[in-house]
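Biologist: I am new to this kind of picture and would like to learn how to read it. Could you take me through it step by step?

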Amino acid sequence: MEQQDLKSNIRADFPALNKKILKNDLIYFDTAASAQKPLIVINELSDFYSKHYSNVSRGVHTLCVEATFKYEDARKKIQKFINAKSENEIIFTKNATESINLIAQTYCKKYLKPDDEIILSVMEHHSNLLPWFFLRDNYGIVLKFINIDADGNLDLEHFESLITKKTKLVAVTHLSNVFGTITDNKLVEISRANNLHILLDGCQSISHIKVDVQELDCDFYVFSGHKIYGPSGIGVLYGKEDLLDELPPFLGGGGMINEVSLDGATYASLPNKFEAGTPPLVEAYGLGVAIDYVQNIGMEKIELYEKMLTEYADEKMSKLDFVNTYSKSNKKTSIISFNLDDIHAHEVASFLDVEGIAVRAGHHCCQPLMKILDVVATSRISFGVYNTKSEIDYFVDALVKCKNFFSVK
Amino acid sequence: MSDLLKELYQEIILDHGKTPRNFGECEPFNKSADGHNPLCGDKVHLTLMVDDQGIIKDIKFTGVGCAISIASTSLMTQSLKGKSLDYANSLFQDFSNLITGKGDKLDLIGEEDSLYSLKGVGAFPMRVKCATLSWHAFKSAIND
């Protein structure tokens with residue numbers, strides 16, 4: 001599959017790709033941290049602010065009507081995109097981190113008591129660790145961690161062995177931001193068989209593979225808009241309606257109430273119950289535009305194309321004996337973490353930067369995992385719809401140059 | 001005054017808004033519900049007496065709200081009194097279609113032509129909830 005099969009001249013949709021780093025063309029291999037934006041998203045944000053802007057839901061004037069309709073329309077688009085049953089199951093937040101904090105806090109209030117257990121994995125992003133650490137620190141909730149195999153897949157046998165009568169919920173990544181490995185749906189089956197609630201962190205999966213929350217049968221699925229070509233500042237929490245209904249509100253403020261007196265308040269129904277204060281309304285709209293953009297290309301095509309890029313890069317990198325990659329799994333996509341012999345990831349990243357290649361270097365917000373891999377840091381390349389095989393060729397040549405440069409020193 | 005506003009605030013709306021019919025509480029009643037629009041604070045308290053055959057023998061309301069919401073409630077009580085619950089459900093569907101501009105099947109509205117006076121709400125989408133508040137309260141009263 002070639003890039004033109006996605007959409008003709010797709011790179012022209014992304015103005016950031018015109019940027020020169022020194023005199024080199026930008027090669028953006030850091031989509032896993034955040035995706036670049038198509039012009040249509042950038043223009044629509046400006047158009048919203050110029051022609052349709054006002055606060056939402058609280059007024060009767062024309063601009064309020066237009067802004068509200070655009071905001072709610074985005075919710076419908078997201079509902080359809082991930083195949084949620086109802087719009088009420090789509091809560092706008094500021095990012096996936098806030099979505100996970102929302103669930104951790106409200107779920108704990110509703111369902112957990114001291115010594116109850118939550119299962120995470122050793123390869124979680126800090127955003128799917130810290131919110132649960134708070135519960136351990138403040139409410140005596142016990143946390144357990146699923147091990148991974150040598151290729152960065154969750155060890156599901158180990159998962160099963162961790163489950164006890166006190167286990168209430170499992171919260172794990174749907175697609176690892178370090179390995180690119182996709183979580184086997186058997187995890188959900190095991191969880192269902194043991195009456196556990198399931199939260200999937202979809203930050204990486206949302207833009208790389210087709211997501212159908214009903215098919216996945218998870219209870220909660222969270223993602224950030226900026227990783228799927230949308231604006232920063234907008235996140236989504238999907239939750240099954242009956243569960244969200246039972247959870248208490250998270251933040252208090254305007255828009256989430258039914259009735260307020262000085263003695264107390266009753267709360268709005270879903271989804272408003274969880275959307276206190278003026279929401280990131282323009283950003284929500286921009287996310288809807290970004291979702292239109294990827295849907296016009298087609299998630300199936302994107303999935304195939306990025307898988308092809310990943311295999312192509314893996315193959316070429318495996319031929320360099322000074323490069324170590326951290327997952328040989330064939331169930332992965334779009335993300336490759338690696339190190340060069342004896343060269344720190346930061347040196348690699350700076351060298352590549354001068355060549356025009358943007359890669360991530362560091363612990364990827366996964367310090368516990370770095371400890372398990374016994375590395376301080378890794379470099380990471382990650383792909384989006386705008387990347388090409390020739391960029392990978394250029395990158396692999398740059399790795400050789402990098403190795404030679406630091407070997408001489 | 002623009003045509004849109006004239007259409008919205010027809011004389012019958014202003015009249016029912018100011019002097020609502022069937023205002024008060026049925027005595028006795030066997031069905032009731034409260035409606036509340038948290039966006040603007042409008043409230044309606046609805047009571048009904050429905051007999052064994054499913055005929056609405058009496059329907060009354062109390063509440064606070066804008067002219068549209070009070071008038072719509074007042075007109076609703078007039079059009080539902082003496083009617084069957086089946087009829088009421090179909091009329092609600094017709095009414096929703098009418099004010100959201102989706103109306104192609106408005107057979108029953110013809111019989112309750114006063115409800116046509118709320119058609120102008122369609123041009124003000126944020127006011128649709130004002131006009132349907134009491135209908136939703138009615139729904140929850142009979143589903144109780």
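Predicted model: local features only at pLDDT ≥ 70, side-chain atom pairs only at ≥ 80, totals over all residues.

Biologist: Let me start with a pair of residues. Which residue in E8(A) does Val170(A) stand opposite?

Modeller: Strands of a sheet pair through backbone hydrogen bonds, either parallel or antiparallel. Here, Val170(A) has Ile198(A) across from it in E8(A). The two strands involved are E7 (residues 167-173) and E8 (residues 197-201) of chain A, which run parallel and are joined by five bridges.

Biologist: What is the strand order of the open sheet of seven strands in chain A?

Modeller: Reading across, the order is E4-E10-E9-E8-E7-E5-E6 in chain A, and the pairing is mixed. At the edges you find strand E4 (90-93) and strand E6 (142-146) of chain A, each pairing on one side only. On average, neighbouring strands of this sheet are turned by 20° against each other, direction ignored.

Biologist: And which strands does helix H3 of chain A lie across?

Modeller: Helix H3 (residues 96-111) of chain A lies across E4, E7, E8, strand E9 (220-224) and strand E10 (235-239) of chain A. Its direction is at about 35° to E10(A).

Biologist: Now the other sheet I want to ask about: what pairing does the open sheet of four strands in chain A have?

Modeller: That one is antiparallel, with the order E13-E14-E17-E16 in chain A. Strand E13 (323-325) and strand E16 (360-362) of chain A each have a single partner strand, so one side of each is left without a neighbour in the sheet. Neighbouring strands are turned by 30° against each other on average here, direction ignored.

Biologist: In E17(A), which residue is the bridge partner of Ser337(A)?

Modeller: Look for Arg380(A). The pairing of E14(A) with strand E17 (residues 378-382) of chain A is antiparallel and covers four bridges.

Biologist: At what angle does H11(A) run to E14(A)?

Modeller: At about 15°, and H11(A) lies across E13, E14 and E17 of chain A. Helix H12 (residues 345-354) of chain A lies across E14, E16 and E17 of chain A, at about 160° to E16(A).

Biologist: Let us step back to domains. Where are domain 1 and domain 2 in chain A?

Modeller: The domain assignment puts domain 1 at 3-30 + 298-408 and domain 2 at 42-295 of chain A. Their centres, taken over C-alpha atoms, are separated by 28 Å. In the contact between them, 24 residues of domain 1 of chain A meet 20 residues of domain 2 of chain A. On the domain 1 side, the largest share, six residues, comes from H11(A). By class, that side of domain 1 has ten nonpolar, eight polar and six charged residues.

Biologist: Finally, how does the radius of gyration of chain A fit a compact globule?

Modeller: A compact globule of 409 residues would have a radius of gyration near 22 Å, and chain A agrees because its value is 22 Å. Buried residues make up 47% of those 409 residues. In all, chain A has 14 helices and 17 strands.

Technical notes. Residues numbered from 1 in each chain as written. Chains lettered and ligands numbered in written order. Pairing = 2+ DSSP bridges. Axes fitted to C-alpha atoms, helices over the stretch in contact; angles between N-to-C directions. Contact = placed C-beta atoms within 7 Å. Domains from an automatic or database assignment. Nonpolar A, V, L, I, M, F, W, Y, C, P; charged D, E, K, R; others polar. Rg over C-alpha atoms; globule rule 2.2 N^0.38 Å. Buried ≥ 20, exposed ≤ 12 C-beta atoms within 10 Å, placed from the backbone.
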